[in-house]
Each structure stands twice: as C-alpha cells, then as structure tokens.
Amino acid sequence: AIDARDSAFINEKLEELYAADIAEIINQLNLSQAAYIYGLLHEELAPQVLLELDDDKREDLLTTFSAKQIAEQVDNMDSDDAADVIGELPEEMQEEVLSHLEDIDQASDIVELINYDEGTAGSLMAKELVSVYAFESVGACIEEIRKKADNVDVMYAVYVVDNNERLLGMLPLKKLIISHPLARIEEIYESDIHFVRTDTPSEEVAEDMQKYDLAVMPVVDQLG
C-alpha cells in the first residue's frame with residue numbers, strides 16, 4: 001500500500017493507531033517511505049510522531065524538510081521538545097528554523113533551552129507553566145490558569161513568585177480549588193519545596209524526584 005501510494009487505505013489504518021505505534025512503523029521504513037507516511041499525518045499528530053521516532057530516523061527525516069517545514073512541526077510542540085528537535089540540527093539550520101517561528105516568545109524560550117549544557121536540568125525543563133504573584137487572589141490565579149490552559153499540557157501545581165519573578169513556592173491545584181476566591185496566594189502557598197538549579201545534572205534531578213516522590217521539579221537560574 002505504501003509503494004502504491006494508496007493514501008486512502010493508509011489514512012484509514014493510521015487513524016486506528018497512536019503516535020508511538022506510527023513511529024514504530026516509520027522507524028522500519030526507508031527514508032522515502034517514511035517521508036511519505038509522515039506527510040499523510042495531520043498537523044496535531046505529526047509532531048507527536050516526530051518526537052517518538054528513533055533519534056537516527058528523526059534526524060534522517062528532518063533532512064527531507066525545509067527550515068519552514070521544520071518550524072511548522074515544532075510550532076505545535078512544548079518548548080523543551082522543540083529545543084530537543086532543533087538542537088539536533090546543524091547550527092545554520094537551527095537559526096533558519098528559529099527565524100520561521102511565528103511565536104517570538106517561543107523562539108526565545110527555545111534558544112534559551114538550547115544554550116544550556118546537555119544533561120543538565122536547564123536543558124530538560126519546559127517553559128510552559130503557570131506562575132502567579134504571591135499578592136494575587138485565588139480568583140485571579142484561576143483566571144490565569146484558564147488563559148494558559150491551551151499552552152500547558154499537564155499541570156500539577158502553580159508556581160508562586162515575588163515581584164522580581166523569583167520562586168517563592170508552589171500551590172497544589174487541590175489546595176487552590178478548595179480555597180476561597182478572595183484568599184491571597186501568600187496565605188496558602190507552600191514555601192517548603194524542593195527545586196534545582198539550571199546547571200544541576202539531570203541524573204541528580206531524576207534521583208531527587210524519585211526520592212521525594214515528585215511529579216514536577218522547579219528549575220531556577222542563579223537569580224532564583
């Protein structure tokens with residue numbers, strides 16, 4: 001069906017599969033076949049499949065794309081995933097891809113993540129999160145979550161910062177939901193939290209998360 005370019009039949013079969021399953025199939029195809037199958041995927045599924053591919057297969061597949069096409073793929077990814085993909089490209093191609101990104105803030109986040117040393121907390125962290133000021137109310141915090149809901153895939157807590165954007169603590173969603181809308185964040189957030197620096201080795205981050213049974217680990221720079 002692939003060699004015959006039977007797109008109707010292939011699309012019908014692809015609709016039954018998850019991204020990881022499709023990636024497993026593409027990993028076994030030659031480059032021409034892989035590019036054809038990938039080209040059939042819809043815009044939301046394609047980036048998910050790209051991330052699931054073996055590193056070598058993804059690298060080969062990306063050679064068939066223009067800088068603009070790669071930008072269209074990473075545009076639908078979280079910043080940390082996008083940084084991983086773009087970081088695999090030659091430096092000149094990286095700059096060209098970044099220039100095609102429509103979201104300037106996202107491009108800036110990706111550049112920041114790429115510049116962190118590989119194998120550190122900074123290179124692994126996601127920039128998509130919800131942060132609120134300590135002086136804000138619970139109601140304002142919930143409104144901020146609504147605004148950013150589309151950009152944050154998974155949310156376990158809200159990060160609480162001071163006026164200088166320094167991390168003060170975290171507010172679990174359960175505690176937020178059961179609090180009065182007029183209550184101040186500074187009255188209910190948890191200040192005793194575990195966090196790591198951007199230069200902390202990733203192995204240490206993983207060990208700490210397992211040791212303290214954490215779903216998320218805040219990452220801060222030298223300024224906090």
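1. The structure is a predicted model, in which local features need pLDDT of at least 70 and side-chain atom pairs count only at pLDDT 80 or more, while totals for chains, interfaces and linings use all residues. Residues are numbered from 1 along each chain as its sequence is written, and side-chain values use heavy atoms, with hydrogens and water left out.

2. The protein chain holds 14 helices and five strands, these being DSSP runs numbered from the N terminus (helices H or I of at least four residues, strands E of at least two). Its C-alpha trace spans about 65 × 35 × 35 Å along the principal axes. Of its 224 residues, 37% count as buried, where buried means under 20% relative accessible area, exposed over 50% and partly exposed in between (1.4 Å probe, protein chains only).

3. Among contacts (heavy atoms within 4.5 Å) between residues at least 6 apart in sequence, 59% join residues at least 24 apart. The 15 positive and 52 negative charges have mean positions 8 Å apart; Lys and Arg count as positive and Asp and Glu as negative, with His and the chain ends not counted, and each charge is placed at NZ of Lys, CZ of Arg, CG of Asp or CD of Glu.

4. In helix 2 (residues 19-27), the buried residues are A19, I22, A23 and I26. They fall within an arc of 100° when seen down the axis, so they line one face of the helix; the arc is that of the directions from the helix axis to the C-beta atoms. An α-helix has 3.6 residues a turn, so residues three or four places apart point the same way. The buried residues of helix 2 pack against helix 1 (7-14), helix 3 (31-40), helix 4 (45-52) and helix 5 (55-62).

5. Helix 8 (residues 91-100) has Q94, V97 and L98 as its buried residues. These cover an arc of only 100° around the axis, which puts them on the same side of helix 8. Their cover includes helix 6 (67-74), helix 7 (79-87) and helix 9 (104-114), whereas the face turned away from the buried side carries the exposed residues E92, E95 and S99.

6. Strand 2 (residues 157-161) pairs with strand 3 (residues 167-172) in the antiparallel sense over five bridges, pairing being assigned if DSSP finds at least two bridges between two strands. Y159 has M170 in strand 3 as its bridge partner. The two strands form a hairpin with five residues between them, and E165 in the turn has a positive phi of about 65°.
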